[in-house]
Amino acid sequence: MTRTASLLAAALLVGVVAGPSVLPAAAATPPDRATAHTATQHENPALAAAIAGLPSAEATAALVRVGGDEGVWRGSSGVHDLRTGRPADPGARFRAGSVTKVFTAAVALQLAAEGGLDLDRSARSYLPELIPASYEDVTVRQLLDHTHGIPAPDFPGTLEEAYADRFRIYDPRDMVRSATSKKPEFAPGERQHYLNIGYTIAGLLIERVTGDAYERQVARRILHPLGLRDTYLPGKNPRIVGRHNHGYQTMRLDDGTTGLRDVSVWGTTDGWAAGDIVSTTADLERFTSALFQGRVVRGPLLEEMFTLPEVADFRTGKPAAYSIGLSMKVLGGREVWGKTGGRWGYNAAIASTRDGSRTLVYSVNSTDAKGQDMNKVAENIMVAVYGRP
């Protein structure tokens, strides 16, 4: 038995709605497997190596799609679940976390193009009953590029507390009230702090100016026109509908030890318009290509997604890295734009060069999906596709 398999067998505890149960070691020890499926003759040994050897201590599965003029590559690795050890399903749905923000930003920019939403108008002018006077100068643009200065709302403090509270239904208005009851972190437009709250408010703005549910607007404006049939917004349903590979999280277990718990069933209402979308690599690849080709947001407003605010990061003092909906990193000597996302048990990303010549979508079933550092498997995928920072 490999060291990784021994670790999984010893540490695994699966949590289900009816309560956690210990798996026998034999069932918790799937064979090592890495099944990389290439769709063309394009080879990328580094990319194949990046997803080899799963399940590991860092991840239990990985799904990858690379596209664009520079070559196509498709790969999957790991297992559908640790109980059976079945190979990971390459077409599985997964939680894409903050990739949701790209969809929310795109809808907001479409509304701006139609004259329904003014990026330079205050958010309070749209939601006067919700946003207090202490935040009257925050504009819609500042909500979308994280320069608003509104702090995060209150949530359970520890991972274990969050897990115990995983079926709680969060109301977005209550989250906004919690956040705006606090003092601003900085004056609007002076710094950048990446938080979900700006996009929670953006979701409410979309509902206010359209008179329609946020979810229906995303479906009508993006999902249906692009044929994203495996992408949906889950609402209050804590389960992933349809085919999906299980997500596991390293955490403190009921007996005080540290191990893996199945976290596939977990409500996402705390994320809502900032982080609740469920999708597949194929759907996200189609969305990414359409977005970068100007088929989702058009004209000058598309450039808002590729324009970084000229401010410093609130925590690090480094130049701002987030635009409206996207972020930018220099990898392999060129700009790569995209968005990562994380929900417990799942990491995901979309990325592309500005000209669309090389696109990437991945889903990694990370065992520490919200850790301070980027998951190693996900990082290796990004570097294999674009190069090092």
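1. Aspartate 171 caps the N-terminal end of α7, with a side-chain oxygen 2.7 Å from the backbone nitrogen of arginine 173. Helices (H or I, at least four residues) and strands (E, at least two) are DSSP runs, numbered from the N terminus. This is a predicted model, in which local features need pLDDT of at least 70 and side-chain atom pairs count only at pLDDT 80 or more, while totals for chains, interfaces and linings use all residues. Residues are numbered from 1 along each chain as its sequence is written, and side-chain values use heavy atoms, with hydrogens and water left out.

2. Overall, the chain has twelve helices and 14 strands. Of its 389 residues, 57% count as buried; buried means under 20% relative accessible area, exposed over 50%, and partly exposed in between (1.4 Å probe, protein chains only). Contact means heavy atoms within 4.5 Å. Among contacts between residues at least 6 apart in sequence, 70% join residues at least 24 apart.

3. Helix α7 spans residues 172-180 and helix α8 residues 197-210; the two pack at an angle of about 130°, and their axes are 10 Å apart. Axes are lines fitted to C-alpha atoms, for helices over the stretch in contact, and angles run from 0 to 180 degrees between N-to-C directions. The two helices are therefore oblique to each other. On this scale, angles under 35 degrees count as roughly parallel, over 145 as roughly antiparallel, 65 to 115 as roughly perpendicular and the rest as oblique.

4. Which residues make the contact between α7 and α8? From α7 come Pro172, Arg173, Met175, Val176 and Ala179, and from α8 Ile197, Thr200, Ile201, Leu204 and Glu207. Seven of the contact residues are nonpolar, one is polar and two are charged. Here Ala, Val, Leu, Ile, Met, Phe, Trp, Tyr, Cys and Pro count as nonpolar, Asp, Glu, Lys and Arg as charged, and the others, Gly among them, as polar.

5. The buried residues of α7 are Pro172, Met175, Val176, Ser178, Ala179 and Thr180. Helix α8 is included in what covers them.

6. Glutamine 249 lies in strand β7 (residues 248-252) and counts as buried because its relative accessibility is 1%. Its side chain reaches the backbone oxygen of threonine 367 at 3.3 Å and makes a polar contact with the side chain of aspartate 368 (3.5 Å). A polar contact is a pair of N or O atoms within 3.5 Å; within protein, one must be able to donate a hydrogen and the other to accept it, and residues adjacent in sequence count only if both atoms are side-chain atoms. Beyond four places away in sequence, glutamine 249 touches residues including Leu159, Arg261, Trp344 and Ala369. The C-alpha atoms of glutamine 249 and alanine 369 are separated by 7.4 Å, although the residues are 120 apart along the chain.

7. Arginine 191 is in strand β6 (residues 191-192). Leaving out residues up to four places away in sequence, arginine 191 touches His146, Thr147, Phe186, Val311, Ala312 and Phe314. Its C-alpha atom and that of valine 311, 120 residues apart along the chain, are separated by 5.4 Å.

8. Serine 77 belongs to strand β4 (residues 73-78) and, at 1% relative accessibility, counts as buried. A polar atom of the serine 77 side chain lies 2.4 Å from the backbone oxygen of isoleucine 51.
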